[in-house]
Amino acid sequence: MNPDDGIAIDARDLRRSFGRTRALDGLSLKLRLGHVTAVLGPNGAGKTTFVDLVLGRRASDGGQLTVLGHRPGSAAARLCTGAMLQSAALAAELTVEEHIALHAGYYTNAMPVAEAIEQAGLEALAGRRYGRLSGGEQRRVQFALAICGRPRLLVLDEPTVALDPDSRRAFWTVVRERATRGTAVLLTTHQLEEAEALADRIVLLANGRLLADGTPGEIRARMDARRIRCVTALAPAALAGLPGVTAVESSGRHALIRSHAAETTLRALLARDATVAELEVSGASLEDAVLDLIRSEAA
């Protein structure tokens, strides 16, 4: 596979088992340059296994996989790939600047150290030793290491764990900029807000298989329902009995009601409880749609 055709990852019928557990079961998909692809799914869906195969950390049991036209884990693949994994063991005594300079030295087209520091929002921490950084600050260093080689493929595995809201949004901005410049981004996350903010494409896995594939809007559209959020005196069982209601959940003092006939449900709700407050009606969220697809698969 020639990377000039726009394909960063080409996976065909990938299979990987651990004992009797089949982590990937005939997975086939292609990831394109210039796109952010979020791979979602419950624990055990196969997300981390797929990332490990892409990075050459594990070998598949069957199928074919190329990374920018190269064998995963080969020197050629590593030179054009940047990765930020869930954990990293970095030397505590080196400073932020020293870590980035050392890592950038592995690449032939690395960005200047100062640029990587700025992209990761580390200007005020450049001279600080890595071991003296907070968890969120260490994650930003790991991001700088992932992008400093100007990778054509950027792999981000649960990247914003420990980041505060401002750092998370700054991170999203940089990732989108990298994609705009032609980088393929493979993102795994349990944060559906993050997937919706970043991804051009959602790939949903369950039991090692492809469950859904499309834009965030296409995934949401697969759910023919709207969501009603309110504070009500009615018990969940009474809400579940209202016309049109397909599911009821509690979120603190709010009830979350899913309905395929929201107007009918609202009329019945207001007739049964005149004290309803903080009423909101919205279309299905990405989280609603993903959870619904996963539940349907498990049923």
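**Strands, pockets and burial**

Visitor: Which residue of β7 is the bridge partner of L154?

Guide: V185 is the bridge partner of L154 in β7. This is a predicted model: local features need pLDDT of at least 70 and side-chain atom pairs 80 or more, while totals for chains, interfaces and linings use all residues. Numbering starts from 1 along each chain as its sequence is written, and side-chain values use heavy atoms, without hydrogens or water.

Visitor: What makes β6 and β7 a pair?

Guide: Strands pair if DSSP finds at least two bridges between them. Strand β6 (residues 153–157) and strand β7 (residues 184–188) have five bridges, in the parallel sense. Therefore they count as paired. The strands themselves are DSSP runs (E, at least two residues); helices are H or I runs of at least four, and both are numbered from the N terminus.

Visitor: Which helix packs on this sheet and touches β3, β6, β7 and β8?

Guide: That helix is α1, and its direction makes about 145 degrees with that of β7. Helix α5 also packs on the sheet, touching β5 and β6. Its direction makes about 170 degrees with that of β5. Such angles run from 0 to 180 degrees between N-to-C directions of axes fitted to C-alpha atoms, for helices over the stretch in contact.

Visitor: Why do β5 and β9 stand at the edges?

Guide: Six strands form this open sheet, in the order β5-β6-β7-β3-β8-β9, with mixed pairing. β5 and β9 (209–214) each have a single partner strand, so one side of each lacks a neighbour in the sheet.

Visitor: Which strands make up the antiparallel sheet?

Guide: Its order is β2-β1-β4, and it is open. β2 (21–32) and β4 (62–67) are the edge strands, since each has a single partner strand. The twist averages 20 degrees from one strand to the next.

Visitor: How do you know that β1 and β2 pair?

Guide: β1 (residues 7–18) and β2 share nine antiparallel bridges. In one of them, R16 has L24 of β2 as its bridge partner.

Visitor: Why is T37 called buried?

Guide: Buried means under 20% relative accessible area, exposed over 50%, partly exposed in between (1.4 Å probe, protein chains only). T37 has 1% relative accessibility, so it counts as buried. It is found in strand β3 (residues 36–40). Beyond four places in sequence, T37 is in contact (heavy atoms within 4.5 Å) with L31, V185, L186, L187, R201 and V203.

Visitor: What makes A170 count as buried, partly exposed or exposed?

Guide: The value is 44% relative accessibility, so A170 counts as partly exposed. A170 belongs to helix α6 (residues 165–180). Its C-alpha atom is separated by 8.3 Å from that of A120, 50 residues apart along the chain.

Visitor: What makes a space a pocket?

Guide: On a 1 Å grid over the protein atoms alone, it is an open set of points where a 1.4 Å probe fits, with protein on both sides within 12 Å along at least five of seven lines; lining residues have an atom within 4 Å of a point. The largest pocket holds about 600 Å³. Of its 24 lining residues, the closest to the centre are T81, G82, A83, H103 and Y107.

Visitor: Which element gives the most to that lining?

Guide: β5 does, with four residues.

Visitor: How much volume does the second largest pocket have?

Guide: About 160 Å³. Helix α11 (residues 286–298) supplies the largest share of its lining, four residues.

Technical notes. Points joined across faces, edges and corners; volume = space filled by probe spheres on them.
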